[in-house]
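Take a look at the model below.

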Amino acid sequence: MDILRIATAGSVDDGKSTLIGRLLYETNSITKDKIEALESASKRKRLDFLDLSLLTDGLIAEREQGITIDVAHIYFSTPTRKYIIADTPGHVEYTRNMVTGASNAKVSLILVDARQGVVEQTARHLSIAALLRIPKVIICVNKMDLVQYDEAKFEAIKESLRSLVAQTTFVGQEISFLPISSLFGQNITQAADKMPWYQGNTLLGELEAFEFAESLAHAPARFPVQWVIRPKTEEYHDYRGYAGKISSGTFQVGDVIKALPTGQESTIASIEKFGEQLERAEAGDSVVITLTTDVDISRGNSLVLASDTQAPQLKDFAAHICWLDHQALSPGKTYLLQHGVNLTKAKISQITERLDVVAQTSSQDVDSMKLNEIGGIQLRTAQPIMADVYAENPSNGAFILIDEFSNSTVGVGFVK
Amino acid sequence: MTNSTIKDKIGQFPRKLEDESIYIMREVAAQFERPALLFSGGKDSITLVRLAQKAFFPGKIPFPLVHIDTGHNFPETIEFRDWLAKETGAELIVRYVQDSIDQGKAKEETGKYASRNVLQTVTLLDTIEEFKFDACIGGARRDEEKARAKERIFSVRDDFGQWDAKRQRPELFDMLNGRIAVGENVRVFPISNWTELDVWNYIKEEKMEIPSIYFSHQRQVIERDGMLWADSEYLNKEADEIPFEATVRFRTVGDMTCTAAVESDAVEIDIIIEEILSAEISERGARIDDKRSEAAMEKRKQQGYF
Ligand SMILES: Nc1nc2c(ncn2[C@@H]2O[C@H](COP(=O)(O)OP(=O)(O)OP(=O)(O)O)[C@@H](O)[C@H]2O)c(=O)[nH]1
Ligand SMILES: [Mg+2]
């Protein structure tokens, strides 16, 4: 059974949480006691309908203000697959939480209010979806009930998004448009009887039909070592196993590999999982690899195929960045850079550009980056990192920046 | 939705979930100096133990199992706990809520709904302090409750164990930032993305042992608020709450005072899974501690509850 991860996006009050609540409601994924809790909470708010947004807006502050502040993760499954949904906040102030929720998504649901059409958040979230290389974006034109389910309104919004989409999208990204009403359950899991002019899939139909490369099995082989297993028991006296999760590609017993950054070569003796011997393992598998010879390998090192002459070792490189902290990025300051499980010090030598998400232009003359801004930087690291270009191998191309003093995660970067 | 039968959904555990959880276990071991696995005896923490075994095999689990014993546990749970520790060769640390009460640090609740569920936070925080644990692994899942749905996998707590929902660290991709200041610690939830059904399917596929109270058995119970509660010396009964025998099992294993039983004939795991799929009430619905108010969980977490 595969897993499809989805994230919502769009401006405040566009109906993201309501949409997710509706999706769960219509797939019978909400138990009776939770529906009862929703009913009484809706009554307390003096609403004459079931407020499905309350299903995901679980924090006290969220329920008081009627907005989403932080990502909620919700689950449902169909016979086809398990869905993990990140319901993210629409408010600009909480963009970092939106990025958090979207970082693992394979599908982004960007909501647009049918009355308002394209707004700044639409552009910002399309940019973020492109930056993260999310393979599918469904633009859901919501609240169609408030525009009398008017086809012309829907077409006009589609039209007004055309040039923006053309500017942000990348080759291979699927973009589709869907007229819906989350409140009245139009086009969520059942065809919209109020919109006979729309012939396409429902939202669920669209999700169920989406085929995605579940693993990055064909990308270059990358195995970051998390932990070295040395039992030192009688039975496993000389055992030395490298534990980790393959981030991309495939490894097989007998493969000649090299350890980075040292470049020492060896051969894979076994690939194991809880005692089970595997012939091969691929992206996403958490395994233990043993080698035929003793090589000096520790946490943060990476195994790649010895034949892979392209395997990167970056010390001075360019990246896209999304800033996530209230304290602005300051060039010259030392940060900790975490790439996968590898940690090293890094300095940002230059901010090369800042993106204006609405105009889709960038300015080169920048000396700082503030919370929620997107741009480009040049950085230097103390130790080389084994990161690929994000657009070519997303599972091995992103990193986070950590403030050494506050310990906060302050930025997310994507190797250019 | 395509009308699937219950049978269609049975026995499908998404294996990728296991890989992700093992990855998290290894990150905990690598990033922290003194991690611990908080073991409650319930199916979720039993699942955690299995994941930890898998993560470090053929090595041993590199951190202790810690049990906060409320004194109101089901005897079957305690028996199982001791068996599992022996079976896996893991170190077991037990600390008692009764000791916190005796030391005057916690006060026994009174009345019909009295339980030690809230008190265990005191003992937990003391235990963290005693052993200087910097990371505590727990079996909470995001599908359990709406405040849990908001929690990160690495959830930073301050000196007092408190959770600040509005100041959570961004958690991107699978990169986990476990850096903390002195005095802070991290709660780690490796099975955040599993649902109750995922856990049961996993237990089934892995042929894992679980405490007997998860399966149907005869027991003396009382009826209260439309639910069945195990009769025990710890339950404060009212005069009209007269125990009777029923055929029941437990969906979740907490204290005897705050975990309701369900009537069930399920003697094997397949039947349990079918029951869950057709149940109208969620797992947490059987926990009286969540019913105290709409935001009960978030408030308890602010205080340092797991
Ligand atoms: N008429 C109508 N109202 C809707 C629809 N969808 C949502 N709403 C209403 O719009 C308001 C905001 O809905 P939410 O689901 O909280 O919006 P959101 O996008 O999650 O908001 P944030 O998370 O705070 O950004 C609520 O009052 C909903 O009832 C719809 O399809 N039609
Ligand atoms: Mg919302």
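Which protein donors does the magnesium ion (ligand 2) have? In this predicted model, they are A:Ser17, through OG, and A:Thr68, through OG1. They lie 2.0 Å from the ion. The pair links distant parts of the chain, 51 residues apart. A:Ser17 sits in helix α1 (residues 16-26) of chain A. A:Thr68 sits in the loop between α3 (60-65) and β2 (72-77) of chain A. Both A:Ser17 and A:Thr68 are buried.

Now turn to a helix. Helix α6 of chain A runs over residues 151-168 and has 18 residues. From first C-alpha to last, α6(A) reaches 25 Å, close to the 26 Å expected at 1.5 Å a residue. Yet α6(A) has a kink of about 40 degrees, centred on A:Arg162. At the start of α6(A), A:Asp150 places a side-chain oxygen within 3.0 Å of the backbone nitrogen of A:Ala152.

Which residues of α6(A) are buried? They are A:Phe154, A:Ile157, A:Leu161, A:Leu164, A:Val165 and A:Thr168.

Chain B has 10 helices and 10 strands. Of its 306 residues, 61% count as buried. Take the contacts in chain B with a separation of 6 or more: 74% of them join residues 24 or more positions apart. The accessible surface of chain B is about 11,900 Å², and carbon and sulfur atoms account for 48% of that surface.

Notes:
Residues are numbered from 1 along each chain as its sequence is written. Chains are lettered from A and ligands numbered from 1 in the order in which they are written. This is a predicted model: local features need pLDDT of at least 70, side-chain atom pairs count only at pLDDT 80 or more; totals for chains, interfaces and linings use all residues. Side-chain values use heavy atoms; hydrogens and water are left out. Donors are N, O and S atoms within 2.8 Å of the metal (3.2 Å for Na, K and Ca); water is not among the atoms, so sites may look incomplete. Helices (H or I, at least four residues) and strands (E, at least two) are DSSP runs, numbered from the N terminus. Buried means under 20% relative accessible area, exposed over 50%, partly exposed in between (1.4 Å probe, protein chains only). Contact means heavy atoms within 4.5 Å. Accessible areas come from the Shrake-Rupley method with a 1.4 Å probe; for residues, only the protein chains shown count as cover. The expected span of a helix is 1.5 Å times one less than its number of residues. The bend at a residue is the angle between axes fitted to the seven residues ending there and the seven starting there. A polar contact is a pair of N or O atoms within 3.5 Å; within protein, one must be able to donate a hydrogen and the other to accept it, and residues adjacent in sequence count only if both atoms are side-chain atoms.
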